[in-house]
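Please take a moment to look over the sequence and the model before reading on.

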Amino acid sequence: MTTHISEIRRLPWTAVTAGIVAMTVSYAGPLAIILAAADAAGLTAAQSSSWVWAVSIGAGLTCLGLSWWSRAPIITAFSTPGAAILVTALPQHGYAEAVGAFVVAGVAATALTATGVFTRLLARIPEGVVSAMLAGILFSFGTGIFTSVRSAPLLAGGMLLGYLLARRFLPTYAVVCALAVGLVVAGATGGLDVAVPGAGLALPHLTVPEFSVGALVGIGVPMLVATLAGQYAPGMAVLRADGYTPDERVVCGTTGAVSVLLAPFGSHAVNPAAITAAICTGPDAHPDPARRWVAGVSCGVGYLVVGCFGSTLVALFTGLPDALVATLAGVALLGALSGSLVRTVAAERGREAAVVTFLATASGVTIAGVGSPFWGLLAGLLTYFLAEARRADGDPAAPAGTPGPASEPASGTAAETTGAAR
């Protein structure tokens with residue numbers, strides 16, 4: 001008995017706590033976005049529950065397994081920008097077609113990261129254009145905060161104020177504080193439905209993938225680009241910044257493979273995290289870098305436990321006021337939006353192409369059944385390469401600018417500028 005107590009006391013409890021906090025933050029905002037996408041597409045409760053189960057199990061297994069294997073705090077999560085894309089793209093396609101796009105995007109991500117092609121490919125795509133596409137996707141979530149303030153000023157205004165105050169004093173818990181304020185205000189004003197019909201253990205719901213060009217182009221391509229550039233790259237950068245150098249091909253290839261395996265159950269993408277990773281990789285998690293890997297294991301176990309009760313989470317969120325969910329999703333993505341906007345205009349060279357990408361993506365236009373993120377990316381790349389061709393021909397009208405975006409460092413740390421990378 002004494003031996004067991006001694007072993008428990010030797011556990012790095014600060015690392016265990018950091019992992020639990022990271023897991024909590026991962027759910028606080030992104031879960032609202034997933035359920036917003038599920039609601040927009042008219043998914044059943046079983047399908048929504050299975051989606052939450054799949055991304056939770058995928059993140060839990062990879063977080064726990066990779067941290068144990070590498071003895072580094074490798075935090076994984078489900079793609080927030082990917083879920084944001086689905087809010088507008090999913091209703092335009094059948095759910096089975098979306099699942100087919102998940103599979104193809106996962107296979108492509110696995111192949112690109114496991115072979116090292118992704119790093120070389122990313123260097124050829126202007127960072128500003130990719131960031132502008134993400135900013136355009138997130139734009140409506142940001143404006144949703146203030147439309148909610150108009151319709152529910154006490155609820156949404158209180159959440160926004162709580163978020164801003166927490167950003168000043170408790171930045172790590174800002175989104176959690178916004179959620180807490182929202183729950184208190186909703187409960188006090190009678191807008192909170194505390195009943196949880198259908199609560200219980202989550203059951204995976206298999207959807208046979210269907211493949212269509214429209215879904216592959218409208219969902220698969222934007223999700224692949226947003227997840228690789230907005231999650232994989234900064235996620236690995238956070239690890240390197242704190243001195244951890246696990247094999248990038250193993251980490252990214254594993255998360256991609258798990259995404260493919262769980263796609264038929266609703267998982268849109270599992271990937272390395274950035275902001276939640278920063279909670280676990282620094283000295284606040286544990287003074288000894290060699291013991292911080294326990295935070296990754298703790299986070300993974302938390303994902304697995306919560307994932308088993310995915311139906312309960314869906315039932316709980318179903319009873320929340322629309323303004324609460326919209327405001328929560330908006331504040332959860334504010335960091336991602338601001339970081340994306342900074343990178344959109346950071347480099348003078350390619351800035352016009354980035355602005356074109358942002359405008360086209362934010363417009364929400366759908367052409368031939370394909371959503372605006374794809375058209376925004378296409379328009380931006382076309383604008384960029386035409387400008388490059390003019391510059392190569394010596395056209396004085398072409399903006400001279402600075403060296404290409406690949407040589408422009410992003411403002412701030414990876415964790416600060418990539419709020420979407422949870």
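In this predicted model, the count of salt bridges comes to one. The partners are arginine 249 and aspartate 247, whose side chains meet with a distance of 3.6 Å from N to O, and this pair counts as a salt bridge because the nitrogen lies within 4 Å of the carboxyl oxygen. Arginine 249 is partly exposed, with a relative accessible area of 46%, and aspartate 247 also counts as partly exposed, at 32% relative accessibility.

The cysteines come next. How many disulfides does a search of the whole structure find? The search finds zero. For cysteine 299, the closest cysteine sulfur belongs to cysteine 63 and lies 4.0 Å from its own sulfur, which is too far for a bond, because a disulfide needs the two sulfur atoms within 2.5 Å. Cysteine 299 counts as buried, since its relative accessibility is 0%, and cysteine 252, at 1% relative accessibility, counts as buried as well; both values fall under the 20% that sets the limit for buried residues.

Turning to the surface, the reader can find a nonpolar patch formed by Leu161, Leu165, Phe169, Leu170 and Tyr173, which together have about 520 Å² of accessible area. One of these residues, leucine 165, lies in helix α9, which covers residues 153-169. Leucine 165 counts as partly exposed, because its relative accessibility is 47%, a value between the limits of 20% and 50%.

Definitions and conventions:
Residues are numbered from 1 along each chain as its sequence is written. This is a predicted model: local features need pLDDT of at least 70, side-chain atom pairs count only at pLDDT 80 or more; totals for chains, interfaces and linings use all residues. Side-chain values use heavy atoms; hydrogens and water are left out. Buried means under 20% relative accessible area, exposed over 50%, partly exposed in between (1.4 Å probe, protein chains only). Patches are made of residues with over 30% relative accessible area and no salt bridge: like charges are joined within 9 Å, nonpolar side chains (Val, Leu, Ile, Met, Phe, Trp, Tyr) within 5 Å. Accessible areas come from the Shrake-Rupley method with a 1.4 Å probe; for residues, only the protein chains shown count as cover. Helices (H or I, at least four residues) and strands (E, at least two) are DSSP runs, numbered from the N terminus.
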